[in-house]
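The sequence and the structure are shown first.

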Amino acid sequence: MTDERSAILREGMAFSLASYGFQLISVVRGFVIAWFLGPAFYGVWNIVKTFLETGQYIAAGSGQAVTRELPYNKAQGETALNRRMCSATLGLILCMGGIVALLTLLVAQLEAAAHYRQVIYIAALVFVLNAVHLYIPQQLKGEKKILLLSAYYIAYAVLNLVVGLLLMWQWGIAGLLLG
């Protein structure tokens, strides 16, 4: 077996294990969150989580373009173009995330949101951070850094589990968002 082939197999195995590990940790985390928060607050958490997951759409497909274009540009020797593309995409994500965060802060001022105002404030900040988190794997895929991507998935899952649950224990949904 050639070195290239064994590297592909090693990276594929690492990525598969990381993906399954990430999913397993997410399932365990979900059960613990549901148990701790109870039905009503678990419903609120799912609404907040759905809001955060929309972060992947704010860049209008530019993250997917990075995944697709980076290998092509690298093969053409266009490393400067790749750096500019990644910077521009990250800038777009931060600008769009900032706009959504500002709109979220405005919604928090409504009387109907008074009871959950603290959670909404935290969600506005976390929305921007989550949008960046959703972009990082796309860039790593485009750069063909599969082992680093695998490590990122596992590190994120473990840190999210441990820190999120510890902060949730202390501050409920607000702590879970901070985690």
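1. The model is predicted: local features need pLDDT of at least 70, side-chain atom pairs count only at pLDDT 80 or more, and totals for chains, interfaces and linings use all residues. Residues are numbered from 1 along each chain as its sequence is written, and side-chain values use heavy atoms, with hydrogens and water left out.

2. The count of salt bridges (a side-chain nitrogen of Lys or Arg within 4 Å of a carboxyl oxygen of Asp or Glu) comes to two. In one of them, Arg68 pairs with Glu69, with 3.1 Å between the closest N and O atoms. Accessibility is classed by relative accessible area: buried is under 20%, exposed over 50% and partly exposed in between, with a 1.4 Å probe and protein chains only. Arg68 is exposed at 56%, whereas Glu69 is partly exposed at 24%.

3. A salt bridge also joins Lys145 to Glu143, at 3.4 Å from N to O. Lys145 is partly exposed, with 39% relative accessibility, and Glu143 is partly exposed, with 26%.

4. The lining of the largest pocket has 23 nonpolar, 14 polar and four charged residues. In this classification, Ala, Val, Leu, Ile, Met, Phe, Trp, Tyr, Cys and Pro are nonpolar, Asp, Glu, Lys and Arg are charged, and the others, Gly among them, are polar. Helix H1 supplies the largest share of the lining, twelve residues. Helices here are DSSP runs (H or I) of at least four residues, numbered from the N terminus.

5. Which helix holds Arg29? Arg29 lies in H1. The residue is buried yet has no salt bridge, and Glu53, the nearest side chain of opposite charge, is 8.4 Å away. The side chain of Arg29 does make a polar contact with the side chain of Asn160, at 2.6 Å. Such a contact is a pair of N or O atoms within 3.5 Å; within protein, one must be able to donate a hydrogen and the other to accept it, and residues adjacent in sequence count only if both atoms are side-chain atoms.

6. Arg5 is also placed in H1, which spans residues 3–53. Arg5 is exposed, with a relative accessible area of 53%. Its C-alpha atom is separated by 37 Å from that of Leu92, 87 residues apart along the chain.

Note on methods: Helices (H or I, at least four residues) and strands (E, at least two) are DSSP runs, numbered from the N terminus. Lys and Arg count as positive and Asp and Glu as negative; His and the chain ends are not counted.
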